[in-house]
Amino acid sequence: MSVVYKKSPVLTDAPMHYCPGCGHGIIHKLVAETLVELDVVGKTIFVASVGCSALAYNYFKLDMVQSPHGRALAVATGVKRALPNHVVFTYQGDGDLAAIGTAETIHAAARGEKLSVVFVNNAIYGMTGGQMAPTTMPGQVTQTSPYGRSTETAGYPVRVCEMLATLDGVAYAERVAVDTVPHIRKAKAAIKKAFSNQLAGRGFSIVEVLSQCPTNWALPPLQAIEWLKENMIPYYPLGVFKDTAAEGGE
Amino acid sequence: MAERVLMKGNEALAEAAIQAGCRHFFGYPITPQTEINAYLSRRMPKIGGTYLQAESELAAVNMVMGAASAGVRAMTSSSSPGISLKTEGISYMIGSDLPCLIVNVQRCGPGLGGIRPSQADYNQATKAPGHGDSHILVFAPATVQEMVDIPFKAFDLAERYRMPAMILADGLLGQMMEPVVFTDESAKQNEKPWATTGHENKRPPNFVTSLYLDPAILEQKVTERFARYAEIEENEVMTEGSYLEDAELVVVAFGATARICRGAVNQARTMGMRVGLLRPVTLWPFPKKQLRQLAGTAKHVLTVEMNMGQMVNDVRLAVSGAAEVHFYGRAGGMVPTPQDVLAEMRRILGGEQA
Amino acid sequence: MTDYNMLLAGFGGQGILFCGKVVAYAGLLDNREVSWLPSYGPEMRGGTANCSVCISEEPVGSPLVTEPNVLLALNGPSFDKFIDSVVPGGQVFIDSTLVERECSRDDITLFRLPASQLSLDEHLEGIANMIVLGKLLKETGFSTLETVEKALEKCVPPSKRHLLEHNIRAVKLGMSK
């Protein structure tokens with residue numbers, strides 16, 4: 001018998017605390033595979049954020065720093081400036097990156113910090129139990145938008161990739177999803193590109209991953225995937241918003 | 001002996017930090033500490049260091065956290081309103097057992113307050129530098145020379161005890177120039193096996209974290225930290241005293257206020273008043289034992305501060321009723337004069353000495 | 001030796017802080033204890049500038065001079081603001097081109113020098129401060145010309161090296177008045 005599939009050696013054996021049907025497990029796997037394929041596990045520092053992924057240190061055999069809520073990109077900036085030849089990445093949710101950490105996000109991007117960012121957008125606050133996020137869509141019901149997000153009182157969601165693509169410091173911004181196998185393959189390629197960019201010394205690279213949160217969307221896992229397709233992808237179109245390497249620039 | 005040069009407190013501190021081995025500075029401009037930023041923005045690029053002007057004090061302190069995690073000597077500086085923003089990062093660094101240097105060149109609060117000198121952040125620095133059960137090392141320089149000497153000590157102790165250190169200066173010390181001497185003291189190096197520098201597949205991964213969801217483990221972590229605090233309180237208290245042996249009245253003051261009080265004490269001695277001065281150089285750890293002893297011989301203790309009475313509460317606790325504790329303070333950026341302090345000493349001793 | 005608690009005041013741009021730094025550096029070179037403290041921050045923009053300089057045999061206590069024994073005032077508002085704080089017996093130096101004031105105090109010594117006019121006459125534009133400093137040096141004897149020249153060498157930045165001679169000439173001019 002030959003081994004056709006096995007768990008990435010970067011992942012620990014700890015049982016994940018993520019809910020059934022959650023996208024984090026898939027995204028963790030894609031990150032882990034990427035680091036092995038690029039052969040950078042030994043020189044990678046994972047900067048974790050606050051949200052469901054705060055416990056990621058249980059799952060990765062990597063040196064890790066747990067940052068305050070929203071500050072992951074400031075912490076990562078500090079790590080990278082101290083260790084410029086290492087691989088430093090953040091893994092952040094929408095509340096962390098696009099609400100409490102918006103300033104840190106925009107300025108790390110504007111400075112062109114040579115970091116890779118895995119940004120998980122599930123349109124809701126997961127860890128605190130399903131409150132409105134900066135990415136919650138108009139009309140979407142959450143614990144703190146019980147009548148559906150009113151654009152009158154709560155305004156509009158932030159489209160992070162589109163916004164960051166306007167900054168000169170950003171080398172790469174792509175939005176992907178983990179709802180189908182083809183999309184997951186694309187997500188893997190995007191994550192790998194974000195890390196390759198860092199190794200090549202290009203600027204700030206961000207991959208926004210649309211991900212399911214069945215628990216807080218109050219949907220069974222399969223329906224959550226459908227919901228993502230029907231609601232999130234139309235609002236948050238997939239694709240490359242910026243890629244300086246492809247444009248021939250650096 | 002190395003040459004005496006005239007330097008501004010802020011610039012002297014910045015140069016000392018470099019000489020103490022700091023190559024990573026993250027800051028944000030705010031009066032009256034901005035010269036630290038300006039000086040390091042000139043120097044760091046020339047010595048292969050990092051000067052990064054952050055988008056906010058919040059970002060700056062978290063960049064320090066990142067750099068400290070990676071095992072380098074990192075620092076930030078600010079003035080009072082900016083320090084309030086930094087308390088988040090300070091708490092996380094305490095909780096993650098990370099060494100770093102934070103400089104507070106105090107101005108007046110609350111709020112925007114004013115830009116004049118103040119010592120009104122004493123409580124913040126020594127009691128609640130961030131949320132949670134916590135302490136940081138707090139040093140209070142009183143001369144520009146100490147702005148040079150203390151960064152070496154601060155970085156070293158911060159690393160040995162794995163905690164942030166703060167230099168609590170004020171606008172007077174930051175802005176004034178005095179002669180200073182830079183010795184050739186080389187910075188002490190401390191091993192940092194806990195740093196997140198990439199495990200190179202040679203050791204288990206390092207985690208720098210303040211997150212412990214299991215209460216039993218978190219209690220153990222906090223308890224271990226407090227055991228270290230006890231060790232620090234035992235071994236690292238720094239003070240300077242003058243005329244304490246026969247003092248009937250002991251003046252307690254720190255930082256710029258202490259130098260003003262020294263003038264008053266010197267003058268009082270020429271007038272035959274038995275007064276002395278105790279200057280805590282470390283505000284945390286606080287010289288509790290020394291004060292308790294002094295209270296055995298002195299009848300009165302006068303605390304002088306540029307605030308409405310903050311350190312005086314620590315003095316009261318230390319003295320525990322063994323001497324009468326008095327307070328004289330100015331607020332809002334008003335600086336007490338030696339004459340003010342002298343008048344206070346005469347008022348206290350009035351009934352007993354001519 | 002005398003302890004000096006000097007207050008130097010004027011408009012921003014008149015070189016008040018620089019003048020104070022030269023005084024402090026001279027004190028340092030004379031192996032005395034010195035301090036220099038400026039007024040600082042936003043209130044200085046376009047407004048008044050002043051600095052405290054202490055020269056002493058003992059380590060300097062308060063660097064903030066509130067009761068000067070030497071006042072150097074390069075404009076009217078500074079003179080008005082600080083003249084009453086000068087201790088009896090103190091010495092006051094003014095640029096009489098800019099400070100047109102009578103002094104009601106008879107317990108101090110007032111030295112009037114038309115420094116701004118002199119600076120124009122002698123092609124020393126912009127350094128009336130150094131002319132007044134020369135006068136202050138001569139009358140107080142806080143240091144020597146030789147030391148002040150050395151202090152100027154320390155204080156004039158390398159980029160303005162060509163102005164060093166001008167500054168020294170201005171100090172000498174002030175001393176001759």
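Biologist: Is Val31(A) buried or exposed?

Modeller: Val31(A) counts as buried, because it has 28 C-beta neighbours inside 10 Å. A residue is called buried if 20 or more other C-beta atoms lie within 10 Å of its own, exposed if 12 or fewer, and partly exposed in between, with C-beta atoms placed from the backbone. Please note that this is a predicted model, in which local features need pLDDT of at least 70 and side-chain atom pairs count only at pLDDT 80 or more, while totals for chains, interfaces and linings use all residues. Residues are numbered from 1 along each chain as its sequence is written, and chains are lettered from A and ligands numbered from 1 in the order in which they are written.

Biologist: Which element holds Val31(A)?

Modeller: Val31(A) belongs to helix 1 of chain A, residues 24-37. Helices (H or I, at least four residues) and strands (E, at least two) are DSSP runs, numbered from the N terminus.

Biologist: And what does Val31(A) touch?

Modeller: Leaving aside residues up to four places away in sequence, Val31(A) touches Val118(A) and Ile191(A). Two residues are in contact if their C-beta atoms, placed from the backbone, lie within 7 Å. Ile191(A) is 160 residues from Val31(A) in sequence, yet their C-alpha atoms are 6.8 Å apart in space.

Biologist: Turning to the chains, which pair shares the most contacts?

Modeller: Chains A and B do, of the two pairs of chains in contact. In that pair, 34 residues of chain B are in contact with 29 residues of chain A. Helix 3 of chain B gives the most to the chain B side, with nine residues. That side divides into 16 nonpolar, 15 polar and three charged residues. Here Ala, Val, Leu, Ile, Met, Phe, Trp, Tyr, Cys and Pro count as nonpolar, Asp, Glu, Lys and Arg as charged, and the others, Gly among them, as polar.

Biologist: How far apart are the nearest C-alpha atoms of chain A and chain C?

Modeller: They are 26 Å apart, and the two chains do not touch. Chain C does meet chain B, with 17 residues of chain C in contact with 18 residues of chain B. Strand 2 of chain C supplies the largest share of the chain C side, five residues. By class, that side has eleven nonpolar, five polar and one charged residues.

Biologist: How many helices and strands are there in chain C?

Modeller: Chain C has six helices and six strands. Their order along the sequence is β-α-β-β-β-α-β-β-α-α-α-α.

Biologist: What share of chain C is buried?

Modeller: Buried residues make up 50% of its 177 residues.

Biologist: How do helix 5 and helix 6 of chain C pack?

Modeller: Helix 5 (residues 145-155) and helix 6 (residues 164-175) of chain C pack at about 150 degrees, with their axes 10 Å apart. Helix 5 of chain C is therefore roughly antiparallel to helix 6 of chain C. Angles under 35 degrees count as roughly parallel, over 145 as roughly antiparallel, 65 to 115 as roughly perpendicular and the rest as oblique. Axes are lines fitted to C-alpha atoms, for helices over the stretch in contact, and angles run from 0 to 180 degrees between N-to-C directions.

Biologist: Which residues meet there?

Modeller: Leu145(C), Val148(C), Glu149(C), Leu152(C) and Glu153(C) in helix 5 of chain C meet Leu164(C), Asn167(C), Ile168(C), Val171(C) and Met175(C) in helix 6 of chain C. This contact comprises seven nonpolar, one polar and two charged residues.
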